[in-house]
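Here is a short briefing to read alongside your structure.

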Number of protein chains: 2
Amino acid sequence: MSANSKQQIIEAAGIVFERFGFKKTTMDDIAYAAGKGKSSLYYYFKNKEEVFEAVVAHEAKQLVAEINKAINASHSAVDKLRSYVNIRMKRFVQRGNLATALNDNFLATFAFIEKIRNNYRDFEVEMIAGIISHGIDNKEFKPIDANFAGEAILTCMIGFEVPLLTKTHTTEESVKKINNVIDMFFYGICT
Amino acid sequence: MSANSKQQIIEAAGIVFERFGFKKTTMDDIAYAAGKGKSSLYYYFKNKEEVFEAVVAHEAKQLVAEINKAINASHSAVDKLRSYVNIRMKRFVQRGNLATALNDNFLATFAFIEKIRNNYRDFEVEMIAGIISHGIDNKEFKPIDANFAGEAILTCMIGFEVPLLTKTHTTEESVKKINNVIDMFFYGICT
């Protein structure tokens, strides 16, 4: 059994979960999609929950790599933050299983999903706070509480996911709106 | 049958719905709590949905009256907006049935709830946009898009309801945090 084989299962499972949803997907579906026997599946994973957790972790890792690349390519903290928000909001609708884990009310009843959510939210706050701290060091930003500002910006992004999920906004509208919010955060509305 | 009698039913129903939730409450429970016969109930309301709609409308009206009073007592647009946010977030956890109608996922499946939500969200955006327009006229705020800014501030408030609903924050924490966000909106984070 190779690490490659495990990776194949995770990638195939990602597609299956996106198509059928967590509840309807069976270990048989995953094995079939991965072209493996069910025994190989159980060699790596105890149950469907564990496969889903691995799928979500994999998608989160891809998203984070993409965000990091964009952040490193931007020079100012203002641009870094804009890159973060844009990629995060655009990928939100595409990275099906991660977005589902973070938002599906049915899934919210699973303890392992709650753990994923909390970890991912904490991680996002840290990422944004890191950019803001960098901007404070740079004198781009006022000496504000970076952690709190990170939490506030994340909360706004989560708020703008709602119309995305209920389909009253397109991705482009939500990205545009959250960018306008970021401008308000940058420059304020007071004269 | 008097308007007073209808009002008594609405107030009693509000308490019953808060206690048992929309799903478990029966027309019998409401009639009993209001000290009326079931026939009086059906004189005013076609079904449980209609009673709940009236309860939510009543709570919204009370909240709006309270907000308007505070807004009128504040002079600057900055203070008006702060009053709005404070009362709105504090009442959010107390005004049980309105908050439930706006947030409960079970209730989201009812068309009449969807209508209440959309109306109430639109109304809130208008209220906040009105304060911001006033601030622009006053030269307190930059000539921004008042409607969009209203939507952004409402979206943030909704985002901060999430930790309230999942009980990871107390009301005080949420109110404090949303006030900090409002400060960021006012003055920006950029130097």
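The largest cavity holds about 70 Å³ of space. Please keep in mind that this is a predicted model, and that the count by the rule used here comes to 2 cavities of 30 Å³ or more.

**The largest cavity**

- Ten is the number to remember for the lining: of its 10 residues, Leu63(A), Phe92(A), Leu98(A), Leu102(A) and Tyr120(A) are the closest to the centre.
- Three helices of chain A, namely H5 (77-94), H6 (96-103) and H7 (111-137), each give at least two residues to this lining.
- Sorted by class, the lining of the largest cavity comprises 6 nonpolar and 4 charged residues, with no polar ones.

**The second largest cavity**

- This cavity has a volume of about 50 Å³.
- Its lining is made up of Leu63(B), Leu98(B), Leu102(B), Ala99(B), Phe92(B), Tyr120(B), Arg88(B) and Glu124(B).
- In chain B, helix H5 (77-94), helix H6 (96-103) and helix H7 (111-137) each provide at least two of the lining residues.
- H6(B) gives the largest share of this lining, with 3 residues.

**Where chain A meets chain B**

- In this interface, 27 residues of chain A are in contact with 27 residues of chain B.
- How much area do chain A and chain B bury between them? The figure is about 2800 Å², and 69% of it lies on carbon and sulfur atoms.
- As background, interface size is often quoted as the accessible area that is lost when the parts come together.

**Polar and charged links across the interface**

- The rule finds 2 salt bridges between chain A and chain B.
- One of them pairs Lys177(A) with Glu151(B), and their closest N and O atoms are 2.8 Å apart.
- Polar contacts across the interface of chain A and chain B come to 18 residue pairs, with both residues at pLDDT 80 or more.

**The chain A side of the interface**

- Helices H8 (146-165) and H9 (171-187) of chain A each supply at least two residues of the side that touches chain B.
- The largest share of that side, 8 residues, comes from H8(A).
- By class, the side of chain A that touches chain B has 15 nonpolar, 7 polar and 5 charged residues.

Key. Residues numbered from 1 in each chain as written. Chains lettered and ligands numbered in written order. Predicted model: local features only at pLDDT ≥ 70, side-chain atom pairs only at ≥ 80, totals over all residues. Heavy atoms only, no water. Contact = heavy atoms within 4.5 Å. Buried area = accessible area lost by both parts, 1.4 Å probe. Salt bridge = Lys/Arg side-chain N within 4 Å of Asp/Glu carboxyl O. Polar contact = N/O pair within 3.5 Å; in protein donor to acceptor, adjacent residues only side chain to side chain. Helix = DSSP H or I, 4+ residues; strand = E, 2+ residues; numbered from the N terminus. Nonpolar A, V, L, I, M, F, W, Y, C, P; charged D, E, K, R; others polar. 1 Å grid on protein atoms, 1.4 Å probe; cavity = no way out; pocket = protein on both sides within 12 Å on 5 of 7 lines; lining within 4 Å. Points joined across faces, edges and corners; volume = space filled by probe spheres on them.
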